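Trainee: I would like a close look at a single part of this model. Please keep the answer in one piece.

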Amino acid sequence: MKKFNIYTLGCKVNQYESQAMREDLLRHGYELSDDKDHADISIVNSCTVTSVSDSKNRKLINRLRRENPDGIIVLTGCMPQAFPEETASWKNCDIILGNKERSKLIPTLESFINSREKLIDIPPHLNKGFTYENLTVSSFGEHTRAFIKIEDGCNRFCSYCIIPYARGRVRSKPLDELKKELISVADNGYKEVVLVGINLSAYGLNEDFDLADAVEAACAVDKIERVRLGSFEPEQMSDELIKRLSSFDKFCPQFHLSLQSGCDKTLKAMNRHYTTAEYMEIVNRLKGAFENPSFTTDVMVGFAGENDEDFEQSVAFVKSVGFAKVHVFPYSRRKGTVADKAPNQVSPNVKDDRAKRMGALVEQSRNTFLNSQLGRTEEVLFERLRHGYLEGYTKNYTPVHVYSKDGSLCGLIKKVKLISAEGDFCVGELAE
């Protein structure tokens, strides 16, 4: 039993961890299956951010068992860590590993192959004495950019979120290990890296380094031409951090500042750690520090207790920021969280209506942003050739299409003049 598949649900951190497991398996003589639905070993790296995520995990595992009746099925990731008793009862899983045990994947597989006895290893997260799980990657498949996980865990305990229970407390990848990993991915041809984490802004908490040090380490690698950040918490963007980030020429001014709501009352109920005024102040400071930055975010509608007035305040604030892109989603109750037990839950119909209204607003905001980029000449990292045009992104993550048949430009950075906005992207012409 040597051929495997890995199925990844959830965030960029999960994608990184799946790639780390993939490389570990390959190093130990396992082979990636040439059939995406059938393999000797099927590994599900789960997400548990919502109850919908849990349903997807279960459905995927049940399907894999039907299609691979004699195969080994491994469940790992956030779901078993957050709900160990529930997942332990899942009959279709042969191996269940917690969120800190991915490094034990190979010996656990070998043990199961020898014994054929179900194995469950989900030790609880500790509040003291915990260490960073030192996974590494050297490539990221066919992606043009490499996602590098530098932080795990969260200490914030937002009232709607299960992730602190699934991921534990904040811990950070040591800088010396990060530098080695960055050199490795650069040597494999990656010109752009994206630093990601569960609470990325907390990188270096209780250490003698911080997020700016991680960015500086990435920028110092000669072969890396762009450094980008994943999602982070707005109130942790200090003046000193902004000043240091703005000093790095390779740093990409795209800021995914998690918002969740544009209403102060709702933010307080969510146990978020900022007000809308403070959020806007941070946006304005970033605008003053960077040329042509973009701002993206997530907005939740229909949170417990959100009334019509609260929603209207959220709509007005989101409109005032002028986001380049917004992920809008209705609040989903999560077992094990404070908000799940809160009174005045919003009905599904109202949540859906609010999601549609907010979605229409942010679509207008998206169009406004794309049109604001027209006439500019920007450097674009081309990712793929598809349907007669090259696709790529500018430093501020504006998607760009250039009509061409030259696939040799994929993976290269070229100057492009942006001439029109069509749908969800800008159309450009090569300026070189």
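Which residues of α2 are buried?

Mentor: The model is a predicted one, and the part in question is helix α2, residues 51-67. Its buried residues are Ser53, Asp54, Asn57, Leu60, Ile61, Leu64 and Arg65. Viewed along the axis of α2, these buried residues fall within an arc of 135°, so they line one face of the helix. Buried here stands for under 20% relative accessible area, and exposed for over 50%. On the face of α2 turned away from the buried side sit Lys56, Lys59 and Arg66, which are exposed.

With 17 residues at 1.5 Å a residue, the helix should span 24 Å; the C-alpha atoms at its ends are 25 Å apart, which agrees. The expected span takes 1.5 Å times one less than the number of residues.

As for what the buried side meets, the buried residues of α2 pack against β1, β3 (41-46), β4 (72-77) and α3 (78-82). One of these partners, β1, also takes part in the lining of the second largest pocket, where β1 gives the most, with five residues. Both β1 (3-8) and α1 (12-27) supply at least two residues of that lining. The pocket holds about 430 Å³ of space. Its lining counts 15 residues, and those nearest the centre are Ile6, Thr8, Ser18, Gln19 and Arg22. By class, the lining residues divide into eight polar, five nonpolar and two charged.

Methods
Residues numbered from 1 in each chain as written. Predicted model: local features only at pLDDT ≥ 70, side-chain atom pairs only at ≥ 80, totals over all residues. Heavy atoms only, no water. 1 Å grid on protein atoms, 1.4 Å probe; cavity = no way out; pocket = protein on both sides within 12 Å on 5 of 7 lines; lining within 4 Å. Points joined across faces, edges and corners; volume = space filled by probe spheres on them. Helix = DSSP H or I, 4+ residues; strand = E, 2+ residues; numbered from the N terminus. Nonpolar A, V, L, I, M, F, W, Y, C, P; charged D, E, K, R; others polar. Buried < 20%, exposed > 50% of the residue type's maximum accessible area, 1.4 Å probe, protein only. Arc of directions from axis to C-beta. Contact = heavy atoms within 4.5 Å.
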